[in-house]
Amino acid sequence: QISKLLIANRGEIACRVMKTAKQMGIQTVAVYSEVDRQQMHVQMADEAYFIGPAASEKSYLNMDKIIEVAKASGCEAIHPGYGFLSENAEFAELCLGNGLVFVGPPASAIRDMGVKSTSKRIMSDADVPIIQGYHGEEQSDSRLLQEAKKIGFPVMIKAVRGGGGKGMRIAASEDVFLEQLSSARREAKASFNDEVMLVEKYVDRPRHVEVQVFGDHHGNAVHLFERDCSVQRRHQKIIEESPAPGISLSTRMKLGEAAVRAAKAVGYVGAGTVEFVMDPEQNFYFMEMNTRLQVEHPVTEMVTGTDLVEWQLLVAQGNPIPSNQGPSLRRLYRIDIWFGGLNLAYLFEVNDRLSGHAFEARIYAEDPDNDFMPGAGLLTHLSAPNATPNLRVETGVRQGDEVSSYYDPMIAKLVVWGKDRSTALRGLLRGLGEYAIVGPDTNIKFLQRLSKHPSFKLGDVHTGFIDQHNDALFPNKDGKIRPRVACRAALAYFLSLPQPSGGDPFVDCSDFQINIPSPTSVVLSVDDCDITVVANPCENGDYVMTVHGDVNEGDNEMLVSGTLDRDASTSSVYLSTSIDDVIMKEKIVIVPGTMGVRNAEPDTIHLYPTNGDESVKFTLKLPRYVTQSAGGAVSSGDPVAPSVGNIIKILVEKGEQVAQGQPLVAMEVMKMEHVIRAPHDAAVESILVDVNEHVEKNTLLVKLVKKE
């Protein structure tokens, strides 16, 4: 029996496991690195222990230290969460050897499924469909290129060990194969300490469809139906749903049966996910098995009414899959189809608890307009939608916390349920619109555009969705703003100002004139475009506003009124605005600047409409007399660090002549490799960084002299 549990993880998943453990009466123990001392998972646990520096290999990947803490704190079991040590066979064995329960599958299953070539052989023997490719031991560049030519381009290059999109590249042609191979190897080496690769045929317009499976120590195995995770960036998921849209009943049956065969083939115990790649004809092929709880497990919980962490903890204690949800999950059905005098009988099992539809959107600190570059920084403001029976927010951070550059930049997961897909999708859009985050860039606006896209609404999804619909998902900014939006921002600013003291009118109002209402103006900036809003106060407290500058066509003189109100339950501030008798409500966040200091920052006004429109950030224009530092300025075309990260390889030498697009430096950003390329033909004058150096965003990496 487990009475005390150590969670060998951090952030969102650590909080998620603790929540269920506490409901089951299990005490929880957290571990933390030096940068996580004040994090949410530390404060949520009954006990917390320091395990090392920020770098994960010295803290959350320090197996001996975690085992030491578990034994010293009197824990009987360790839950690895996902990532870090969750798919480490050596750690599972180490737990067992120290008398600790590893809440996960046996080490043998982790080992077999962790090597892609081995897993594909096992799956083939279990009659699970696989894609043919090269999985051999000969790993020279020439041999892999030779095999790629045999298979036919495009091909997928994958790290034999690993997952999560790391060590994975698509080579569209022979010309780019070796470059992509080299990049995949470096990333695999950094992530998994193994650079062995396999090469497979790349399926055109593939869907990523996975099946949740569960096994116990008594030989039982069930599936809880599929999830669609096709819409991805950098081969990593950003939005998931269950059930998969457009999947036929026959395909759903076959998927579930194949997944259960896969689980039984390795003696699987606990929560696992069998991932398949599916072509447009709904033929599917085994891709890999994730031997852990998945990030996207909440969508399965929402449509099946289960708590998969509870199942994990029950099964880890030797219990069978919960009887009230195990066998009853499976019900036998028969369909009789008469054709030409013959009875074609179909027998199939379905989950009679499968109900409705669910979505999960991953909210990341990243910049979608900069190739989804991961970000980091202080969460100056963070407010989320209120939880309901149909909406969950899974998170490990709060307002005032730091998104660290050392770990995954996920801020939260927004999970919604509806009676059908369209209802769930509307709920997702509503929830995204209720989020307000000030600090690092986030992908919320991108998720809103994605969720509104006509093809996504129809369920026409595949892994190339973002590239196919790039123009719609990344619309060109025309540099103009709607006048009404500018008026709302100006009103929020005016209403937030301290009220006059009632003293000397010549002090209180700089434009004071006898018997004449004094106009007030404010200069706002949006995406480097300036807008001036002039407000003439009326006797009843309203304003007549005129808008000048980079604005769209329309009325530029409007009657504006409104109020600022604070929601007592959430402390959020809402702006209610009436513009020419059209009333609108939105969440408002005003962040004070740092006027009068070096590197001064202006006030910013953030509008979060409740009607589903995208949020807008306005910056108050700094007065000319406020001096800003120009030290270290670089031009927009210089090769700079796109985010905070570590230099892993210098690809050029001083004095070398480079061509436009040639790789200069390889960086590791949030465990993913990014290559910085030459913006133009040039000569390398100097290299300004070293391998293993930690650099900040916008650091100049290589100084180039442009060819005349």
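Mentor: Leaving out residues up to four places away in sequence, Asp 279 touches Val 203 and Tyr 285, where contact means heavy atoms within 4.5 Å. Asp 279 sits in the loop between β15 (270-278) and β16; strands are DSSP runs of E of at least two residues, helices are runs of H or I of at least four, and both are numbered from the N terminus. The model is predicted, with local features needing pLDDT of at least 70 and side-chain atom pairs counting only at pLDDT 80 or more, while totals for chains, interfaces and linings use all residues. Residues are numbered from 1 along each chain as its sequence is written, and side-chain values use heavy atoms, with hydrogens and water left out.

Asp 279 is buried but has no salt bridge. Buried means under 20% relative accessible area, exposed over 50%, and partly exposed in between, with a 1.4 Å probe and protein chains only. A salt bridge is a side-chain nitrogen of Lys or Arg within 4 Å of a carboxyl oxygen of Asp or Glu. For Asp 279, the nearest side chain of opposite charge is Arg 207, 9.3 Å away; Lys and Arg count as positive, Asp and Glu as negative, and His and the chain ends are not counted. The side chain of Asp 279 does reach the backbone nitrogen of Asn 283, at 2.9 Å.

Thr 291 counts as buried because its relative accessibility is 2%. Beyond its neighbours within four places in sequence, its contacts include Ser 86, Glu 87, Pro 105, Tyr 268 and Ala 271.

Now the wider setting. The largest nonpolar core has 63 residues, and Leu 5 and Leu 450 have the most contacts inside it. Such a core is a set of buried Ala, Val, Leu, Ile, Met, Phe, Trp, Tyr and Cys residues joined through side-chain atoms within 4.5 Å. Helix α11 (residues 308-316) gives the most to this core, with six residues. Domain 1 (4-103) and domain 3 (207-473) each supply at least three residues to this core; the domain bounds come from an automatic or database assignment.

Definitions and conventions: Polar contact = N/O pair within 3.5 Å; in protein donor to acceptor, adjacent residues only side chain to side chain.
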